[in-house]
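Thanks for coming. I will go through one protein model today, starting with its charged side chains and ending with the overall fold.

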Amino acid sequence: MTRVAIVTGGTRGIGAAISKALKAAGHKVIANYAGNDEAASAFQAETGIPVVKFDVGDYAASAEKIAEIEQQHGPIDIVVNNAGITRDGAFHRMTHEQWSQVIRTDLDCMFNVTRPVIEGMRARGFGRIINISSINGQKGQAGQTNYSAAKAGVIGFSKALAQENAPKGITVNVIAPGYIDTEMVAAVPEEVLKKIISTIPNGRLGRAEEIADAVVFLASEQAGYFNGSVLSINGAQYMANG
Ligand code: NDP
């Protein structure tokens with residue numbers, strides 16, 4: 001069945017792969033992005049997927065754009081909260097700006113993007129919410145107290161939201177990727193990356209498409225009993241219990 005899906009940060013990296021895979025699965029996809037107009041235009045030209053620019057850290061902007069999307073394309077049944085940033089640094093040197101930028105973008109976005117669609121999903125008795133956390137939200141990572149806190153917060157948020165909305169036909173699940181080959185990871189110095197790969201039993205970085213395939217499944221009609229779960233996709237690097 002064709003449904004309307006929004007993918008935040010859906011024009012680059014993992015999000016772009018998710019947008020393309022949901023489209024290939026027959027959904028009507030809208031991809032959000034923050035500021036990289038060039039990448040967004042290239043993505044739209046390549047895929048035919050409409051792009052919408054707004055900051056997921058800004059509640060008013062998110063609510064306004066989501067209302068416009070619903071007017072233009074119909075009610076949103078699938079939300080993939082994928083947009084995220086890092087602002088790494090040891091905590092004793094971290095600025096309040098580094099802390100708050102990451103919390104605002106990676107955690108506040110859960111409220112900002114999900115709140116405007118949840119009442120409609122409840123009224124229609126269907127919804128699929130898929131939130132992208134991180135291995136570093138599960139195990140913690142030195143240099144990423146801000147990011148680890150936000151990504152762990154995504155997991156708590158999703159479990160609570162799943163309980164509240166399960167009776168209304170809505171599922172809320174988390175994907176916690178390990179290290180995936182995107183620009184975010186390309187920013188990691190080569191020596192550090194080599195060390196990271198040596199700790200991954202699969203012996204390589206993950207591919208964005210491997211995350212996207214899992215999203216397509218969680219968004220499907222068949223996945224109705226997957227609810228409140230955390231799917232670790234990390235090449236056996238870390239085995240979490242939730
Ligand atoms: P990229 O940096 O490659 O892409 C990020 C995307 O998010 C871009 O489309 C960007 O838009 C968008 N974005 C960033 N900030 C905002 C904002 N405030 N509002 C709207 N959109 C925004 O990231 P990845 O693909 O690597 O990561 C995607 C998600 O997966 C993130 O949540 C990340 O934390 C998570 N993750 C990534 C891992 C990895 O190894 N890559 C591992 C574990 C988790 P624009 O193009 O305009 O900048």
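**Salt bridges and overall fold**

Arg124 sits in helix α4, residues 96-124, while Asp77 sits in strand β4, residues 76-81, so the pair links parts of the chain that are 47 residues apart. Please keep in mind that this is a predicted model.

Are the two partners buried or exposed? Arg124 has 36% relative accessibility, so Arg124 counts as partly exposed. Asp77 has 10%, and because buried means under 20%, Asp77 counts as buried. The pair also belongs to a network of salt bridges that links Arg3, Asp77, Arg124 and Glu221.

Now a second pair. Lys194 forms a salt bridge with Glu191, and the closest N and O atoms are 3.8 Å apart. Both residues lie in helix α8, residues 190-198, three residues apart, or about one turn of the helix. Both Lys194 and Glu191 are exposed.

Arg204 is partly exposed, at 31% relative accessibility, and Glu210 is partly exposed at 28%. The count for the protein comes to twelve salt bridges.

Last, the whole chain. The protein has nine helices and seven strands. For 242 residues, a compact globule would have a radius of gyration near 18 Å, and the protein has 17 Å, which agrees. Of those 242 residues, 48% count as buried.

Terms used. Residues are numbered from 1 along each chain as its sequence is written. This is a predicted model: local features need pLDDT of at least 70, side-chain atom pairs count only at pLDDT 80 or more; totals for chains, interfaces and linings use all residues. Side-chain values use heavy atoms; hydrogens and water are left out. Helices (H or I, at least four residues) and strands (E, at least two) are DSSP runs, numbered from the N terminus. The radius of gyration is taken over C-alpha atoms; the globule rule is 2.2 Å times the number of residues to the power 0.38. Buried means under 20% relative accessible area, exposed over 50%, partly exposed in between (1.4 Å probe, protein chains only). A salt bridge is a side-chain nitrogen of Lys or Arg within 4 Å of a carboxyl oxygen of Asp or Glu.
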